[in-house]
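Dear colleague,

I am handing over the structure below, and I would be glad if you kept it open while you read the notes that follow it.

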Amino acid sequence: MEGFFENAIEFKKNGKYLKFNNHSIFYNSVGEGETLLLLHGYPFNSYDWNWLLNDLSKKYQVIYFDFLGMGFSDKPKEHQYSFEEYVEILKEVIKVYQLRSIRILAHDLAVSVVQELIASEETLDFRILSVAFMNGGLFTDVYKPRLIQRLLSQSPNWMGKWISKKMSRSAVESSIHRVFGPQTQPNVDLLENYWNILNYKDGKQIAYLIGRLVFDKVKYQTRWINALKNTKIPFCYICGPFDPNSGTHMAERFQIEYPNRKVYFLSNLIGHWPQVESPLEVLSAYQLFLKDIEHNK
């Protein structure tokens with residue numbers, strides 16, 4: 001399936017920047033219509049959504065941005081990254097477009113940003129119409145981090161910094177291969193783009209700082225779980241089942257915790273990056289989610 005942009009270089013060239021606390025945040029939008037905010041995960045960026053943009057932009061004003069510390073946004077080395085700050089960055093993007101309502105599709109680490117957003121729902125000056133979570137660690141007790149994540153992010157700062165600096169391209173690519181499905185492995189071009197995105201503004205050297213957020217989530221769990229139980233915002237879980245981090249086991253936990261919310265399972269061998277591995281399936285699942293919302297009104 002063709003991407004909206006030919007590669008990450010073109011993707012970056014078409015982007016814009018806003019200032020957040022003296023840091024540059026990369027963002028862009030394509031299409032017109034109802035607003036759909038696409039939120040990326042760790043450790044890359046919003047380029048992950050490139051293979052959905054053609055179809056989504058025919059119906060939506062699709063907005064995407066790179067979180068601080070990732071992608072084409074600034075990557076401060078001495079910085080305390082947090083979910084609260086990521087929510088504030090999201091709000092700044094919303095302000096740029098002067099939006100009153102949005103839909104959200106969030107992947108990987110971004111699912112936790114949205115959990116924090118919903119937990120502070122009463123403070124928002126815009127309405128969240130719906131949320132689709134996809135292959136993300138909603139529940140820390142069943143999340144299964146990769147070894148490289150543990151080495152980077154559960155070690156002392158000096159060790160995490162050293163590992164990040166020394167981490168080779170082959171180690172990064174090996175980690176990526178293990179979470180993609182066996183029949184939807186990334187091609188050479190994608191791996192090249194990912195490597196360049198990771199290294200932009202020396203981002204690889206701070207990978208351990210962003211990775212720590214994965215393990216910080218424990219202290220938020222009770223508040224986040226309760227917030228989702230109490231919200232009236234329609235939400236669902238789209239699941240690439242083969243994902244060893246947050247696949248079927250995460251979806252099953254979601255079904256137990258939120259029995260009245262739907263899970264949309266993709267093909268059995270789709271892994272952690274469904275929007276890259278099988279964008280048409282993701283699109284179909286998302287459209288079904290919206291139809292189900294309309295049906296249940």
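Lys-58 counts as exposed, with a relative accessibility of 67%, where exposed means over 50% relative accessible area, buried under 20% and partly exposed in between, found with a 1.4 Å probe on protein chains only. The side chain of Lys-58 meets that of Asp-55 in a salt bridge at 3.8 Å, N to O, a term that requires a side-chain nitrogen of Lys or Arg within 4 Å of a carboxyl oxygen of Asp or Glu. Asp-55 is partly exposed, at 24%.

Please bear in mind that this is a predicted model, in which local features need pLDDT of at least 70 and side-chain atom pairs count only at pLDDT 80 or more, while totals for chains, interfaces and linings use all residues. Residues are numbered from 1 along each chain as its sequence is written, and side-chain values use heavy atoms, with hydrogens and water left out.

The whole structure holds 13 salt bridges. One of them joins the side chains of Asp-74 and Lys-201 at 2.4 Å, N to O, and because these residues lie in two loops, the pair ties together parts that are 127 residues apart in sequence. Asp-74 is buried, with a relative accessible area of 14%, whereas Lys-201 is partly exposed, at 37%.

Another salt bridge, at 2.7 Å, N to O, is formed by the side chains of Arg-169 and Glu-192. Arg-169 is partly exposed at 28%, and Glu-192 is partly exposed at 35%. Finally, a network of salt bridges links Asp-141, Lys-229, Arg-253 and Glu-257.

Note on methods
Helix = DSSP H or I, 4+ residues; strand = E, 2+ residues; numbered from the N terminus.
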